[in-house]
Amino acid sequence: MNLAAFIGYRVAGFPGLLSASLGTTLPSFFVTLFIVALVLRFESHPVVARFFAGVRPAVLALIVVAVWNLAHAALVDKRAWGLAAVAFLLVLVFHLHPGVALAGGVVAGLLLFRSGACPVEPGRGEG
Amino acid sequence: MLVRLFLVFAKIGLFAFGGGYAMIPFLERELVAHEAWLSHGQFLDMVVLSQVTPGPIFTSAGVIVGFRNAGVPGAVVATVAVVLPSLAIVGLLGWTVVRHGHLPWLQSVFTGLRPVVVALVAVAAVTLARSSVPEWRSAGVAVAVGLAVGCFRVHPIWAILGAGLLGIIFF
């Protein structure tokens, strides 16, 4: 959605931004609303309940696969591993607000990963 | 109610970095812990629903929570609220990038955000694991789906439909 908004902006400025976002949001909004209304209506039906019981562990598996794939792409060096480990512990164990963790990531990025501020491997880190 | 929906979802939209699964701990904190709009079980089902409906997880969350609490107007208000902040941010960034060309500091910001996003998705997995795998049949489904999607590159939507079918037959 953000990608569509950005492309819309590049092509036609703010009107482009608005129409691109509406174009990507509206169809999925109506489809989602339809499915949600349908599911809430038949929530207690045994077949729907069993479908959900099967899908719940599947979604967990999808998230674990996503962690695996993202870790490969994002944890490129020791600093990134350290940052991820600290954020994980703070949010899970110490109940830090996830928004604060993201803000911390912005600050850490500016401090730790600034080009030239730290020794960087060749071909990496130069924006 | 509508005003409360708007405020909470605008806050969610403001932090909608990384989209997808990284939003789960954030949504859980806001919708279950703070506002008590959903129970843990309903939250889990919301995550499930967001996987079988189009669009990113936070717009699905907007539709689901808004609709549950205030019908169609609630769904519209929550969705608009969740989309507005990221529109503003993208507009601002787009404007800066187009005007000033490439931004080296933006690269640093993203390099710092990525590990945090990984950590948040991992937190989501740990939090959901407690309620989504209550018994060995569920664990079997989780392992099967993990292998199918992770090793055999099955498309997630087929894995979800397959798991739902397994649920209807065996649960």
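This is a predicted model: local features need pLDDT of at least 70, side-chain atom pairs count only at pLDDT 80 or more; totals for chains, interfaces and linings use all residues.
A salt bridge is a side-chain nitrogen of Lys or Arg within 4 Å of a carboxyl oxygen of Asp or Glu. Good morning. I begin with that definition because side chains of opposite charge can pair when their charged atoms come close. Arg56(A) and Asp45(B) form a salt bridge, their closest N and O atoms lying 2.7 Å apart.

Let us stay with the meeting of the two chains. How many salt bridges are counted between chain B and chain A? The count is one. Seven residue pairs are in polar contact across this interface. On the side of chain B that touches chain A, the elements giving two or more residues are H2, H3 (40-52), H4 (57-100), H5 (104-132), H6 (136-150) and H7 (156-170) of chain B. Which of them gives the most? It is H5(B), with 24 residues. Sorted by class, this side of chain B has 53 nonpolar, 19 polar and six charged residues.

The size of an interface is often given as the accessible area lost when the parts come together. Here, chain B and chain A bury about 6,400 Å² between them, and 83% of that area is on carbon and sulfur atoms. The contact involves 78 residues of chain B and 67 residues of chain A.

I turn now to chain B itself. Chain B has seven helices and zero strands. Its C-alpha trace spans about 60 × 40 × 25 Å along the principal axes. Of the 171 residues in chain B, 52% are buried. If we take the contacts in chain B between residues at least 6 apart in sequence, 57% of them join residues at least 24 apart.

In soluble globular proteins, nonpolar side chains tend to be buried together. The largest nonpolar core in this model has 86 residues, and the members that touch the most others are Phe9(B), Ile12(B), Leu31(B) and Met46(B). Consider Ile12(B). Leaving aside residues up to four places away in sequence, Ile12(B) touches Met23(B), Phe26(B), Leu27(B), Glu30(B), Leu31(B), Phe58(B) and Val82(B).

Glu30(B) is placed in helix H2 of chain B, which covers residues 23-34. Is Glu30(B) buried or exposed? Its relative accessible area is 1%, and the limit for buried is under 20%, so Glu30(B) is buried. What does its side chain meet in chain A? The side chains of Glu30(B) and His97(A) are joined by a polar contact of 2.9 Å. Within chain B, the side chains of Glu30(B) and Lys11(B) meet in a salt bridge of 3.1 Å, N to O. Lys11(B) lies in helix H1 and Glu30(B) in helix H2 of chain B, so this pair ties together parts that are 19 residues apart in sequence.

Glu35(B) is buried, at 18% relative accessible area, whereas Arg4(B) is partly exposed, at 41%.

A further salt bridge joins the side chains of Arg137(B) and Glu135(B), at 3.2 Å, N to O. Arg137(B) is partly exposed, with a relative accessible area of 29%, and Glu135(B) is partly exposed with a value of 29%. Over all chains, the structure holds five salt bridges.

Finally, a word on the backbone. Most residues other than glycine have a negative phi, and most peptide bonds are trans. Which value of phi does Ala36(B) have? Ala36(B) has a positive phi of about 55°, although it is not a glycine. Ala36(B) sits in the loop between H2 and H3 of chain B and counts as exposed, at 57% relative accessibility. Arg153(B) is not a glycine either, and has a positive phi of about 55°. Arg153(B) is in the loop between H6 and H7 of chain B, and its relative accessibility of 62% counts as exposed.

Thank you for your attention.

Definitions and conventions:
Residues are numbered from 1 along each chain as its sequence is written. Chains are lettered from A and ligands numbered from 1 in the order in which they are written. Side-chain values use heavy atoms; hydrogens and water are left out. Helices (H or I, at least four residues) and strands (E, at least two) are DSSP runs, numbered from the N terminus. Buried means under 20% relative accessible area, exposed over 50%, partly exposed in between (1.4 Å probe, protein chains only). A polar contact is a pair of N or O atoms within 3.5 Å; within protein, one must be able to donate a hydrogen and the other to accept it, and residues adjacent in sequence count only if both atoms are side-chain atoms. Contact means heavy atoms within 4.5 Å. Buried area is the accessible area (1.4 Å probe) that two parts lose on being put together, summed over both. Ala, Val, Leu, Ile, Met, Phe, Trp, Tyr, Cys and Pro count as nonpolar, Asp, Glu, Lys and Arg as charged, and the others, Gly among them, as polar. A nonpolar core is a set of buried Ala, Val, Leu, Ile, Met, Phe, Trp, Tyr and Cys residues joined through side-chain atoms within 4.5 Å.
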